Amino acid sequence: MQLAVWTYEGPPHIGAMRVATAMQGLHYVLHAPQGDTYADLLFTMIERRGARPPVTYTTFQARDLGGDTAELFKTAAREAFERFRPQAMIVGASCTAELIQDDPGGLARALGLPIPVVALELPSYQKKENWGAAETFYRLVRSLSAPPAPRAEGRAPSCNILGPTALGFRHRDDLREITDLLTRLGIAINVTAPLGATPADLARLGEADFNVVLYPEIAGPAAAWLARAHAQPATKTIPIGLGATREFIAEVAALAGLDAAPILAAETVRSAWYSRSVDSNYLTGKRVFVFGDATHALAAARMATEELGFTLVGLGSYAREQARELREAAKAHGIEATISDDYLAVEAAIQAAQPELILGTQMERHTAKRLGIPCAVISAPVHVQDYPARYSPQMGFEGANVLFDTWVHPLMMGLEEHLLGMFREDFEFHGEAAPSHLGAAAATATAAPTPPATLTWAAEAERELGKIPFFVRGKARRNTERYATERGIGTITIEALYDAKAHFSR
Amino acid sequence: MSAAALARPPAPGCTEAPVLRERGQREVFCGLTGIIWLHRKIQDAFFLVVGSRTCAHLMQSAAGVVIFAEPRFATAIMEERDLAGMTDANEELDRVVAQLLARRPDIRLLFLVGSCPSEVIKLDLSRAAQRLNATHAPGVRVLNYSGSGIETTFTQGEDACLAALVPEMRADPAPGLLVVGALAEVVEDQMRRQFEALGIGPVAFLPPRRAADLPGVGPGTRFLLAQPFLAETARLLEDRGARRLAAPFPLGAEGTTAWLRAAAEAWGIPAARFREVTAAGEQRARTAIARHHALLAGRRISFFPDSQLEIPLARFLSRELDMQPVEIGTPYLHRPHLAEELALLPADAMLSEGGDVDRQLDRCRAARPDLVVCGLGLANPLEAEGFTTKWSIELVFTPIQGYDQAGDLAALFARPLDRRTRLMV
Ligand code: SF4
């Protein structure tokens, strides 16, 4: 048993729902109790979809358990077929139905429906949402993709785009950005899946020359199978950030046998110029803590350091499957990766790292609010405000612009930060002030932690500390206390405070 | 004016009206969801769901409407090895509880809340509670109830929780009034003042704000249900000798007056005195409701089954705002507790119990009501089809009972229609 308050990922059948809801002409019959229908609201409320997910739940009750829950499943599957007339169906069990072992796959086959029925085995007590999405997509691709037809001569190179789902973080916008990029390169898009694809489209996957994998957490296993079955290579680079986007273009150009140089040369990217412009000097060395799914966390770590000049003080993910890559990336920055799905452990890691900016998930946004640290969301799980009405991709050239804005916006602007430093005692301009463009709500002063028992702060030193802007005060306090403890200083005076400052500023 | 309004004859009523009972997909929350308001209500209680990742995800998604930084609930997520054998599961549960209590020393009352998986594997949480009580007494009291989706629907979770509290109530033979059902504190305070003004007392509330303030119960206890979904709690209170005062529920001016009157009659308060005390409040309520009359009167309204509040709400909207209920869906119809409500419903309203969401959607599309009250999974899809909707979960998260909330309650239904008329897009 694992004690959990908030979780980063839902159960695996939520992953299956994300695939089913992304697609057209597919229906999911889920053997599950009534409460599990809450999952619909993820799509209708959080993502604000205008249609119910194509999911029928059997909603068995305690009184059915002694009787025939299997019959209930068959009725639900038959009626769902008659009502929705899908091209294909997926069937499976949620955590409770897994325990009663009704075998939805066998039951559905016994119905003899005139459409393909794909049975899902998603072990709820071992696996989670992303795994469930990947497994579902893999099973669908495997069951539905037909052997490729012989390729026509002289055809433009073509690819499939794999990975975007419903409830994905900016998947819809990423897809538009990348589709546009590939089209400008002269590459035809054969099929995009799961988002917008029908089961019939999946049958055509083998016709493409290669696969573009946008979200390996979801499309990884399907792409690996397509590589084996149809000899389709797949892209490895995730085009988040300018550098990665350029590498991605080079990678697809090589796969397609095209010359990427013209497109790379033609691209003028605002984010790069903004980052070089003198106004951005103050971003140099900002301490940033990055946490999310592996793909987004790794990409954010790279962009934060290489394209904004931040210092990476924390990197982590809730995805244990990709722990190794994260550990390696963290090591390159001289830090240790935080691999955990316990948000309290992540919060502790953030506190220890004392970042000036957090790039995380919805959970880290709450942590950041509590700690009074600026934050931007870079990865699922996300909430309704992370589905903006405007076009807001994370990938490609426009994605790099969006990320530049999103990450810089929560920070204090350069000159403002200096003025705060200079006029600490101005009554409107005091150290607790929030960035002026964010209104009053952003600042929450956290209570001063108690110093180690052996230490006391002289009153005047404490007052001096109070003049330091709140967003660096905690760090100054801890550094000074560490400095004093290491040197056996019992009372921290103003001198000790400034000695510590001199010691720690490099 | 209030007297005239009061004198309005009861509608023909549909106490005996037929009910459409369907079996199909039920689009409702399970009883775990009640924790989202109960953990705010009982301030020193903690709710530990013994369940799966699905249960944890439900709590977080439903609570997403009202995110709390440090909620007083959590889930003990069962994993593969917990399913291997009962000893393991029990040992694991003990370990998780110890871990939780170490982290949250402020917990005085711990509810172990059963889920579908814990029930299907027959993990006995009442035994577990006994065992844990022995370990953690006297600092912490451990109780258990089921919030599982195979046993409970949405608000029935509150019923199960309160039912678990009844055996904990000390025996108290003295006369007194008990108000049963979680209410917002502002509502409780208003009611307390009204009962005091009427000379009814002592008055206690279940659930209490703090576990330590759990009231007593006995043959002298008369209780008023503040919520329509408390069948089991009422039964257990009656087993302890308490007597239920039959009344409509305190929604709207009329409902609140009738509800208060049930207590006033039990306490032998003269009718004139009752009018004297309640007239001003009732008038305030009527004035506040009247502001929304023009927008709502004559509009047709349908309810999808959700909180069991549907029948009292339909009664309020039809009698005080002249709306026309088309279909009133409810997850369960507990006739004895709703007898006074059913008598006030228009005879032509169609009642449905349980339900098949796809078939009710068909009926809804055919009837095209002006306003649809439904859960979060259906609201946006119906809006996208051109319906105006009111999400029903707001009705359990908002103070709506009593005179001074009657206008707010009407406003909840008026707002979506108001919005429709404003938007030009
Ligand atoms: S319906 Fe059952 S399994 Fe689903 S969330 Fe509710 S208690 Fe958990």
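The lining of the largest cavity in this predicted model divides by class into 16 nonpolar, 12 polar and 5 charged residues. In total, 33 residues line this cavity. Those that lie nearest its centre are A:Y8, A:E129, A:A380, A:P381 and A:V382. Several elements give two or more residues to the lining. From chain A these are the helices α1 (12-22), α2 (39-46), α7 (129-144), α10 (216-230), α14 (294-306) and α17 (362-371). Chain B takes part through α3 (53-63). The volume of the largest cavity is about 430 Å³. Counting cavities of 30 Å³ or more gives 12.

The next place to look is the ligand. Which chains supply the residues around the ligand? Residues from both A and B surround the ligand, so the site is shared between chains.

A:T96 sits in helix α5 of chain A, which covers residues 95-100. Is A:T96 buried or exposed? Its relative accessible area is 1%. Buried means under 20%, so A:T96 counts as buried. Leaving out residues up to four places away in sequence, A:T96 touches A:P33, A:F60 and A:Y125 in chain A. Across in chain B, A:T96 touches B:C116, B:P117 and B:V120.

Along its principal axes, the C-alpha trace of chain A spans about 85 × 65 × 35 Å. How much of the contact in chain A with a separation of 6 or more links residues 24 or more positions apart? Such pairs account for 70% of those contacts. The accessible surface of chain A is about 20500 Å², and carbon and sulfur atoms hold 53% of that area.

Conventions:
Residues numbered from 1 in each chain as written. Chains lettered and ligands numbered in written order. Predicted model: local features only at pLDDT ≥ 70, side-chain atom pairs only at ≥ 80, totals over all residues. Heavy atoms only, no water. Helix = DSSP H or I, 4+ residues; strand = E, 2+ residues; numbered from the N terminus. Buried < 20%, exposed > 50% of the residue type's maximum accessible area, 1.4 Å probe, protein only. Contact = heavy atoms within 4.5 Å. 1 Å grid on protein atoms, 1.4 Å probe; cavity = no way out; pocket = protein on both sides within 12 Å on 5 of 7 lines; lining within 4 Å. Points joined across faces, edges and corners; volume = space filled by probe spheres on them. Nonpolar A, V, L, I, M, F, W, Y, C, P; charged D, E, K, R; others polar. Near = heavy atom within 4 Å. Areas by Shrake-Rupley, 256 points an atom, 1.4 Å probe, with all protein chains shown as cover.
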